[in-house]
Structures are given as C-alpha cells and as structure tokens.
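Subject: Structure handover

Hi,

Here is the structure I promised. Please open it alongside this email, and then read on for what turned up.

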Amino acid sequence: METLTPAVFHILLALADRDRHGYGIMQEIEERTDQQVRMGPGTLYGTLKRMLESSLIEECDERVDPDLSDERRRYYRITKKGRRAAAAEAERLQALVRIARAKSVLRSAWLGRERG
Amino acid sequence: MISEVLYRILLKAYPARYRHNYEEAMVQCFCDQLRAADTSGKQFRLWFRTMIDFVLNVPARYLEIQLRTAPGFYSERARRAIWMAGLEAGSSLQGNVEIPLLGGEEIGLEHLLLGTLRNDQELANVLLGAHGTETIARSIHAQRAHPRRSLRPHYRDRPPLSEGCKKALAKAAQEAQDSNTRVSSRQILLGILHQDSSLAARLIRENALDLSCLRSSSDPPAAGPEV
C-alpha cells in the first residue's frame, strides 16, 4: 500500500472514531497534536477532494452534530479502504519507531529534550 | 462579516469547478475559525495562517488540473475516448447530418462508456463481441433516466464531467499509476466498473464476454487521427 501524506493520515485518524465536518476535522487534529498541526481550509478541502477521489473517505448525509447543522457543512466518513490505508500507515510508522529505538535514536532524542 | 466578504473574494482565485464544489464549505470553515478567534491577536494570526494557506493551495489546485490534462497523463486513445464522451453528452451536427448521440447536462458514465467503446473498436470487440457496443448503446437509450437535451449546434463547449465520471477517471489514473503506465481505454473501463451501482458498470458486466482482457498489460496500437 502507498505511503500516506501526513495530512491524509491526520484526516483519516480524525475520522476513525466518528463522522465529522471540515471544521470538526480541523479541531480534532489541532487538539490531538497539541496545536502543532494546523490545517487551513485550502489544505483541508484540497486533501479531502483527493481522498474522495481515491475512495479513502466518502461524504455522508447524516448530520452528526445537530447543534452545528448548517446546509453548508459537509460531513465525511472513513471508508473500509481508508481504514486499511490508515492501519497500514500506522504499522509502517511503528516499524520506523522500532528501528529508531534499536539504533538508540529515539532514546538520545528524548535525553536531549530532557537536558534542554 | 467583513472578514467573510474578504475571504470570499480570496476564494475567487481558485479554479471555478473547485470553487463550485467547496466554496461554501470553506467559507463555513473559515467563519468557524473566526468565531473561535476571540481576540484581535488571534484574529490577526488566523488571517496570517489563512494567507499562507491561500498562497500554497491556489497554485496547487491549478497544478492538479494541469497534470490531469497533460498530454503525457493519458494515452492517445484515452484522450480521444474522453473527447468522444463529450460528443456523446452533447450532440453534433456535421454538415447537415445530425449525429444521433445520447445528450445530457453533463458527461456521465454512460457517455464515457460509449465514448471509450466507440473509440477503441478492437478492445470493444474483444470485450463484448462484434456488435456489443451497439447493444450497449441501445440499452443505455432504453434505460437512461435522464431525458435527452435539445440539440446544440456546436460541440466545442464540452459539458462538465459528472461526479461519477470524475471518480471513474480518478480510479483509472490510480490503476495507471499502479501499473506505471499512462491511462488507457482499459483503465477507463476498469474505472467505470469500479462505480458498482451505475448503469454503465452493470451494462459492462452483463455484456462482457471476458472481463480479464481489461487487466491485460498491453494496449492495442492506437489508430486514426490525433485529437
């Protein structure tokens, strides 16, 4: 399976537990990454468009967030293919982390941060 | 309010079709961000990030369009197939002769199917047998839900691609990328087949003698004039 871009992987993770609209996806990513990853509407919808075309996600009609129901909001749902792609990417990253541990890269980075 | 108006003005720089699909959602998203930015400092930072987002993404959207329409991306036959699908969706008068075509408000999967089959007779013969294309054309005429649009005198103003058609072509592009080739007639048909519930996909499945030829690695040599 192809390597996912960070933006695609973040969006798939945001949709893994529930359907969300664009701003909901943005918020989830910001909260989860402690404001380290922030996507603007241009990046978000450009990525969503490509993900729709490659069937990693699909649009859904149900309004999950009735308080924020607005005609303009579009809700997205992860597909089976998207879930498989996210799992494959997570495994790939896990394997990289194992290598980093084996080569003591992760430990030295952690020690460096502690000293700093 | 002023911010929303300014953001809408910025969005006009995006390609028209992209804007048609995403403008309202993007404005909604920006307004949500604006509501969350409750101090002038936060609003300034939001505008700063928005401008960076804008500068990076507008060229990217145009580049995507360029790449997808680049001559190297589609084989000659695939390009002709899409061109013929446009003809199927419109209707044409050549001289004083009306060419009987499907018509429609946009290029749908049925148009793309007929365009591909009529443009690649060799593949159509292998896939469907000698008269398979016309059998499919008759079935589409009989089963299509959309009424035919009135004749247009000229077919240069190609109708837009339907969502199903875009997905089929995106799938075809993915198939081509996976096999490291350009998009061919075969891959367009595979893309159409991927739209499971469509009339076009059903007609291929019902009429195909052997679908395995679509996975064959070699494309029959292109023939006929370039488009």
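Which residues of the largest nonpolar core touch the most other members? They are A:I11, A:L12, A:I25, A:L44, A:Y45 and A:Y76, in a core of 41 residues. Please keep in mind that this is a predicted model.

**The main core**

From chain A, α1 (6–15), α2 (22–32), α3 (41–53), β3 (75–78) and α4 (80–102) each supply at least two residues. α2(B) gives the most, with nine residues. In soluble globular proteins, nonpolar side chains tend to be buried together.

Have a look at A:Y76. Leaving aside residues up to four places away in sequence, A:Y76 touches A:I25 and A:Y45, among others. Its contacts also include A:L48, A:L52 and A:I57.

Another core, of 38 residues, lies apart from the largest one. Its members include B:Y74, B:A78, B:L109 and B:I204.

**Chain A**

Chain A has five helices and three strands. From the N terminus on, the order is α-β-α-α-β-β-α-α. The chain has 116 residues, and 41% of them are buried. Take the contacts in chain A with a separation of 6 or more: residues 24 or more positions apart account for 52% of these. Chain A exposes about 7000 Å², with 50% of that supplied by carbon and sulfur atoms.

**Where the chains meet**

The size of an interface is often given as the accessible area lost when the parts come together. Here, chain A and chain B bury about 2200 Å² between them. Carbon and sulfur atoms carry 48% of that area. In residues, 24 of chain A are in contact with 28 of chain B. Two salt bridges cross the interface. A:K49 forms a salt bridge with B:E64, and the closest N and O atoms are 3.5 Å apart.

**A nonpolar patch on chain B**

B:M1, B:I2, B:V5, B:L6 and B:I9 make a nonpolar surface patch of about 560 Å². B:M1 is found in the segment before α1 (2–11) of chain B. Is B:M1 buried or exposed? B:M1 counts as exposed because its relative accessibility is 75%, and the cut-off for exposed is over 50%.

Best wishes

Conventions. Residues numbered from 1 in each chain as written. Chains lettered and ligands numbered in written order. Predicted model: local features only at pLDDT ≥ 70, side-chain atom pairs only at ≥ 80, totals over all residues. Heavy atoms only, no water. Patch = residues over 30% accessible without salt bridge, like charges linked within 9 Å, V, L, I, M, F, W, Y side chains within 5 Å. Areas by Shrake-Rupley, 256 points an atom, 1.4 Å probe, with all protein chains shown as cover. Salt bridge = Lys/Arg side-chain N within 4 Å of Asp/Glu carboxyl O. Helix = DSSP H or I, 4+ residues; strand = E, 2+ residues; numbered from the N terminus. Buried < 20%, exposed > 50% of the residue type's maximum accessible area, 1.4 Å probe, protein only. Contact = heavy atoms within 4.5 Å. Core = buried A, V, L, I, M, F, W, Y, C linked by side-chain atoms within 4.5 Å. Buried area = accessible area lost by both parts, 1.4 Å probe.
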